[in-house]
Amino acid sequence: MARAVIFGCAGPTLEAGERRFLAEADPWGFILFARNVEAPAQLGRLTAALRDTVGREAPVMIDQEGGRVARLRGPDWREWPPALEECERLPTRALRARAMFLRYRLIAAELAAVGIDVNAAISR
């Protein structure tokens, strides 16, 4: 039975000791950081390996707000201005809301393509 904890890993691939630990600990899910990200194919392999250690579709999360807080960077992923700066450029609340909706739909598609299903983004 999965435990109500979230673990990360040390680098862009899982080491044997990490695999053993994660299999035994059986965390609810995983979180990734910049240290885990090199390229789309590598990241897809890492998310699959994390899930393989627990034998289920455990949630994998990352902070990918755009701007200063972005673990996935160019040239492989889209670079975004800070959300507040993007909103300040738009004249109406409706346009700002639409822009944020589209921004996070695009980010979600990029995350899903590499096996990440939770974006730990905060919008103000």
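**A walk through the predicted model**

Helices (H or I, at least four residues) and strands (E, at least two) are DSSP runs, numbered from the N terminus.

This is a predicted model, in which local features need pLDDT of at least 70 and side-chain atom pairs count only at pLDDT 80 or more, while totals for chains, interfaces and linings use all residues. Residues are numbered from 1 along each chain as its sequence is written, and side-chain values use heavy atoms, with hydrogens and water left out.

The predictor's confidence in each residue is its pLDDT, from 0 to 100. The chain has a mean pLDDT of 94, with 96% of its residues at 70 or more.

Several residues of α2 are buried, including Leu 43, Leu 46, Ala 49, Leu 50 and Val 54. Here buried means under 20% relative accessible area, exposed over 50%, and partly exposed in between (1.4 Å probe, protein chains only). The cover over the buried residues of α2 includes α1 (16–25), β2 (27–32) and β3 (60–62), where contact means heavy atoms within 4.5 Å.

Just after α2, Gly 55 has a positive phi of about 70 degrees. Arg 56 sits in the loop between α2 and β3. Its relative accessible area is 27%, so Arg 56 is partly exposed. Arg 56 and Asp 26 are 30 residues apart in sequence, and their C-alpha atoms are 9.9 Å apart in space.

Strands β1 and β2 run parallel and are joined by three bridges; two strands pair if DSSP finds at least two bridges between them. Arg 3 has Pro 27 in β2 as its bridge partner. Together, β1, α1 and β2 make a right-handed β-α-β unit. Right-handed means that, with the strands pointing away from the viewer, the path from the first strand over the helix to the second runs clockwise.

One aromatic pair is found in the whole structure. Phe 7 and Phe 21 form this edge-to-face pair, at 5.1 Å centre to centre and 70 degrees between the planes. The pair links distant parts of the chain, 14 residues apart: Phe 7 in strand β1 (residues 3–7) and Phe 21 in helix α1. Rings of Phe, Tyr and Trp (its six-membered ring) pair if their centres lie within 6.5 Å; planes under 30 degrees apart count as stacked, over 60 as edge-to-face and the rest as tilted. Phe 7 counts as partly exposed because its relative accessibility is 25%; Phe 21, at 45%, also counts as partly exposed.
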